[in-house]
Amino acid sequence: MLLYSYNPFIRFGCVMALAIGSKDSKEAIEMIWPLLNDSVDFVRQGVYVSLAILFQVSTNNSEPKLADFRKTVEEIISRTHVEIMAKMGAILSIGILDIGGRNMTVSLTTRSGMPKI
């Protein structure tokens with residue numbers, strides 16, 4: 001319910017928390033996906049970054065929304081009249097998706113599974 005709060009800061013925090021703490025990425029993607037069209041630019045920035053974190057271990061075969069996400073992000077980067085925060089989120093998400101030539105992932109835990117502080 002917090003994903004659809006009137007407060008954009010709460011929506012931003014929820015999408016980032018879902019990306020960082022999600023065990024089931026498919027369910028988190030389904031919850032975050034509608035916020036791609038949010039009216040607040042920094043919420044869209046968080047959505048782009050969080051979806052990139054969730055999609056970075058996926059392929060087009062395992063996650064069909066990945067191709068749509070890449071297309072959406074590339075369109076936003078190529079447009080000239082987009083809010084700066086949203087465009088920055090799109091640029092960061094491409095970097096996260098293609099991190100290390102697609103051979104690396106963002107890891108927020110140690111090898112034993114403990115969270116990094």
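How are α1 and α3 oriented relative to each other: roughly parallel or roughly antiparallel? In this predicted model, the axes of the two helices cross at roughly 5° and come within 8 Å. Angles under 35 degrees count as roughly parallel, and α1 and α3 are therefore roughly parallel to each other.

Helix α1 covers residues 8–21, a run of 14 residues.

At the start of α1, Asn7 places a side-chain oxygen within 3.0 Å of the backbone nitrogen of Phe9.

## Buried and exposed residues of α1

The buried residues of α1 are Pro8, Arg11, Cys14, Val15 and Ala19. Viewed down the helix axis, these buried residues fall within an arc of 130°, so they line one face of α1. Phe9, Ile20 and Gly21, on the other side of the helix, are exposed.

The elements covering the buried residues of α1 include α2 (25–32) and α3 (41–55).

## The contact between α1 and α3

From α1, the residues that meet α3 are Pro8, Phe9, Arg11, Phe12, Val15, Met16, Leu18 and Ala19. Their counterparts in α3 are Phe42, Val43, Gly46, Val47, Val49, Ser50, Ile53 and Leu54. Among the α1 residues in this contact, Pro8, Arg11, Val15 and Ala19 are buried, whereas Phe9 is exposed.

## Asp38 in the loop between α2 and α3

Asp38 lies in the loop that joins α2 and α3. Its relative accessible area is 10%; because buried means under 20%, Asp38 is classed as buried.

The side chain of Asp38 forms a polar contact with that of Arg11, at 3.0 Å. Arg11 is itself one of the buried residues of α1. When residues up to four places away in sequence are not counted, Asp38 touches Arg11, Val43 and Arg44. Of these partners, Arg11 and Val43 also take part in the contact between α1 and α3.

## Val57 in the loop between α3 and α4

Val57 is located in the loop between α3 and α4 (65–78). With a relative accessible area of 60%, Val57 is exposed, since the cut-off for exposed residues is over 50%.

Val57 and Ser93 are separated by 36 residues in sequence, and their C-alpha atoms are 13 Å apart in space.

Definitions and conventions:
Residues numbered from 1 in each chain as written. Predicted model: local features only at pLDDT ≥ 70, side-chain atom pairs only at ≥ 80, totals over all residues. Heavy atoms only, no water. Helix = DSSP H or I, 4+ residues; strand = E, 2+ residues; numbered from the N terminus. Expected span 1.5 Å × (residues − 1). Buried < 20%, exposed > 50% of the residue type's maximum accessible area, 1.4 Å probe, protein only. Arc of directions from axis to C-beta. Contact = heavy atoms within 4.5 Å. Polar contact = N/O pair within 3.5 Å; in protein donor to acceptor, adjacent residues only side chain to side chain. Axes fitted to C-alpha atoms, helices over the stretch in contact; angles between N-to-C directions. Parallel < 35°, antiparallel > 145°, perpendicular 65-115°, else oblique.
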